[in-house]
Amino acid sequence: MCNLSLWPWRTVSLLWRNLPSRGERSLEGAEKEPNLASFVFLLLLLTVRIQFLSSTKFHRLLHYMLPRKRAVGGEIVDDNSHNTEALLKRQRTDSLISSSASVEATSPTENKKNNSGSSSSSDGNNCSISNSNNNQNGSDIVGLPNMALGDGNPPDIDEDLHSRQLAVYGRDTMRRLFGSNILISGMQGLGCEIAKNLILAGVKSVTLHDEGTVELWDLSSNFIFSEDDVGKNRALASVQKLQELNNAVLISTLSNELTKEKLSDFQAVVFTDISLDKAIEFDEYCHSQQPPVSFIKAEVRGLFGSIFCDFGPEFTVVDVDGEEPHSGIIASIGNDNPALVSCVDDERLEFQDGDLVVFSEVKGMTELNDGKPRKVKNARPYSFALEEDTTNYGAYERGGIVTQVKQAKVLHFKTLREALKDPGDFLLSDFSKFDRPPLLHLAFQALDKFMCEVGRFPVAGSEEDAQKLISLAVDINQGSGDGKLDEIDQKLLRHFAFGARAVLNPMAAMFGGIVGQEVVKACSGKFHPLFQFFYFDSAESLPTEPLDPNDVKPLNSRYDAQISVFGRKLQKKLEEATVFIVGSGALGCEFLKNLALMGVCCSEKGKLTITDDDVIEKSNLTRQFLFRDWNIGQAKSTVAASAVASLNPCLHVEALQNRASPETENVFNDAFWENLDVVVNALDNVNARLYIDQRCLYFQKSLLESGTLGAKCNTQMVIPHLTENYGASRDPPEKQAPMCTVHSFPHNIDHCLTWARSEFEGLLEKTPAEVNAFLSNPSEYTASMKNAGDAQARDNLERVIECLDRERCETFQDCITWARLKFEDYFANRVKQLTFTFPEDATTSNGAPFWSAPKRFPLPLQFSTDGPGYLHFMMAASILRGETFGIPIPDWAKNPRKLADAVNKVVVPDFQPKEGVRIVTDEKATSLSTASIDDAAVINDLIMRLEQCRKKFPSEFRMNPIQFEKDDDTNYHMDLIAALANMRARNYSIPEVDKLKAKFIAGRIIPAIATATAMATGLVCLELYKVLEGKHKLEDYRNTFANLALPLFSMAEPVPPKVFKHRDMSWTVWDRWILRDNPTLRDLLQWLKNQGLNAYSISCGSSLLYNSMFPRHKDRMDRRLVDLAREVARLEVPQYRHHFDVVVACEDDEDNDIDIPQISIYFR
């Protein structure tokens, strides 16, 4: 055995840290490369100290440390080569383009074979999978048997850049992605979309293969190509623009015929344009490799698409759904067989029968704390039964947490040859088309046979070609045995044949998202793969009227592929459309790209307006693909509009930086809204969505809504008079923890992080802002506090005095003292006071234990500069305190030893708990401040003290309030919040989290990945065809919910709006009644009377213009409504607006209240 204790690990560690990182090697050149050779040499020298060297284990160790070959500039570059310096000094993009002539040499991977282990390794592929829960999403991957994995030595993760993606995948998956090498064959629209998503995700390398040349036809779906690229090899023409998406990804090309032996260089291979025979040959080769190469075949043919996945004979899914393990706080456990476990009703349990769970922190029945997974049965919202006899266990006393154990799943994939004959169950996307997948299974086979026999795709509009394809499908069906279909929908196959050559951008975007996610699954074992066939169609997107064959003939334009499916008339409507995109983030970038390729707003009559008031941040770059690192800090909408103009120079786009809100209705005025054809939401918050929804309702405009959350996405079509509006149904509000729980009785890390962020903002933003408000205008500030005269005013004054007097900082040592005393106050003194007021044996008024679940009894922390995280808290807190006072930060502040010396100089006074201290325990309390009859007197006294404090400061003194910024890891904001939360968690024995996890929760980061965004926008743009065609019925539209992790696709027609009826009239939320010609109050009442409606109240805003119970209001009968509104409601109507709105309450003749639409009064 190798005596590891004899290794000089400190020396090894220091040497290893000096090696260049992945980012340094790829971006800065090879100047540091010799370090690696030096390290290996020194490592070999150090092995002299090993008493006995196991060749097997040493071989595996060196496997991760020895230099490997990597592709640069079309040559093999050995990391030990002394000639690399000149070679790698060339510009990054140029060095990554591999010519077809050198393609055999530019393969990015000898890593794949290395990852399976050396032939001399005793372990081979026999890795174990840990079921232990990880505080990152999903389970901790120890090893994945029979799976092709990436580089064993991936680089550190740039958390600023990848934070949103990390929130979905976790570190383990990201590291595996960083070591994965992917082949994409077929660089038309679908291949380009898949490549984009994987490059943004950050795989190690992408090899692009295509033997064909760019045609004008390709520009309908491929955002990489321009007219200047026509005639160039597709793969070579793609490299430069794809490389701009992520310089850390190695991109190379293949433009010669692909051999199956080449496939062994990759973890996953994707084919988007391949014959069935060749696909079968390649798949069987991949299936037979050790470990297998994951094989994906995907096609987009007009409005039809297919995907086939084969990840090998035995593929392990480590995390099936990507969700955090569910947990519950135990209230009781019975001594029974089976044992009944009840949990507190704080939150519903999400356990299901058959789940495995583990117990911890159980008092009394300690036998359950052994970490052994136990099976759940009879799961209910707040209880479940345990398949275990606890009769002889100790009696349950209190406490305990039960946590789900996520289980790995092994899948056995069939080869393509086997699956074609026996496809099994198809993954359904639309339950109204449950019989569609078997038919499309035939259709794609018939198309392959057609192309083999004829040598081309069917021609759009050619009945002869369509009939031949139908005949081939019938023949294949006849030989299908038990899988034979009773009936074949020839009309659908006709549509399939007509559009078979076209790759439509929305279909490519949607399938690019799905396939990109499948590649991630193949490389990481994260999420459940598609098993194995998926077929989809959007035939309902076709025009409602039959197309004339002449209408689908090509025009030698960039839109010919789209014209071959939809015809020239719809293409003209697309080009002349007036569209408003609200938001220019991840969704907005994808929408801009899609619309530009579709030709939307690409004529003189068309116009696309996009608005976003946000600026580009580093974390945007992994999803918002129109942005580059040199755009950071610039306006999103402006950069996006400029970038998309290069995709299609005919696009007429205007970029604005206004937030669409009531405050900007002078910009987005009535004329603007009335001229729109459709609105596309690309927003990230509900309130903004609701506002846009109300504007679309008011002006009766179609709204295409979508959103993503991690691997999930949804789309909703809001069509005037056909569907309900977005605001018609809402999700329930998120449950908020009671204030007393957050401040005194936390029982999970979310509570601790909520408290930490609140303290951060109070100490570093709100209090300094209050100080500045006082110093800027002392008399006005103190007068406002006197006028308020409440507990909040008293608290504000106390905070300002404390900041300027007792806690005033003049030197950095003062800041350290402040931080040390804050630590003592937060994590020792307050806990001592709490446990003094409520001892561990305290009881409630009804005799129950006070410290019962979910409350956790805290213990004070004992500060030490050697304590875990204590010094880091001191560093972050003192640096940020210094910033608020404008105190220069000395260099030694970041030196742990010197900082510790300074901290040890602080004198910490003793603390004695006090009797009679009131601690809020009422869960309904909304404030920790308590009012007092003496508040006014106290405030006067505080104001006098404040005036004395002001004299100690120069008149120009101001503090520097710090606004929380989560996406800058150098500003110490998240360092302080994470430290505050973890110290508090330590008080209450709550599991702590790392800084990244703290950032997700405290920063309220929305998990996001490019694949879900691409899919959502593709689905929306399929609906856009219907909206702009303008003749589709409700049943033609689709709302979608999808979860790429499962995978799950659920499509359904939208819900129609609620209809109100009165006499022979009917209306919905979409209707607005209009009275023109500047009517009087009498005119309005009479008009309603004619409809059988008796108005008893008319209001404008919050003011009452008329009420039948007020006799004086009858004097207003002959006055113009606009004059009444101006006088009574103080209405100011802007010059651009020609009307105002009133709300009328009515009854029918039987005195029944009738809800009527809003009424618009036109007076100009």
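Q: Are Lys822 and Glu807 buried or exposed?
A: The model is predicted, local features need pLDDT of at least 70, side-chain atom pairs count only at pLDDT 80 or more, and totals for chains, interfaces and linings use all residues. Residues are numbered from 1 along each chain as its sequence is written, and side-chain values use heavy atoms, with hydrogens and water left out. Buried denotes under 20% relative accessible area, exposed over 50%, and partly exposed the range in between (1.4 Å probe, protein chains only). Both Lys822 and Glu807 are buried.

Q: How far apart are the closest N and O atoms of Lys822 and Glu807?
A: A salt bridge requires a side-chain nitrogen of Lys or Arg within 4 Å of a carboxyl oxygen of Asp or Glu. Lys822 forms such a bridge with Glu807, and their closest N and O atoms are separated by 3.8 Å.

Q: Where in the chain do Lys822 and Glu807 lie?
A: Helices (H or I, at least four residues) and strands (E, at least two) are DSSP runs numbered from the N terminus. The pair links distant parts of the chain, 15 residues apart. Glu807 is in the loop between helix 25 (791-804) and helix 26, and Lys822 is in helix 26 (residues 812-837).

Q: Which residue pairs with Glu244 in a salt bridge, and why does the pair tie together separate parts?
A: Side chains of opposite charge can pair when their charged atoms come close. Glu244 lies in the loop between helix 10 (234-243) and strand 5 (250-254), and its partner lies in the loop between strand 19 (607-611) and helix 19 (636-645), so the pair ties together parts that are 384 residues apart in sequence. With closest N and O atoms 3.6 Å apart, the partner of Glu244 is Arg628.

Q: What is the relative accessible area of Asp229?
A: Asp229 forms a salt bridge with Lys232, their closest N and O atoms being 3.3 Å apart. Lys232 counts as partly exposed because its relative accessibility is 42%. Asp229 is buried, with a relative accessible area of 8%.

Q: Which backbone nitrogen does the side chain of Asn1039 reach?
A: Asn1039 lies in strand 24 (residues 1039-1043) and is buried, with a relative accessible area of 18%. At 2.8 Å, its side chain reaches the backbone nitrogen of Met717.

Q: How many salt bridges does the structure hold?
A: Those described above include Asp229 with Lys232 and Glu244 with Arg628. The total number of salt bridges in the structure is 66.

How values were computed:
A polar contact is a pair of N or O atoms within 3.5 Å; within protein, one must be able to donate a hydrogen and the other to accept it, and residues adjacent in sequence count only if both atoms are side-chain atoms.
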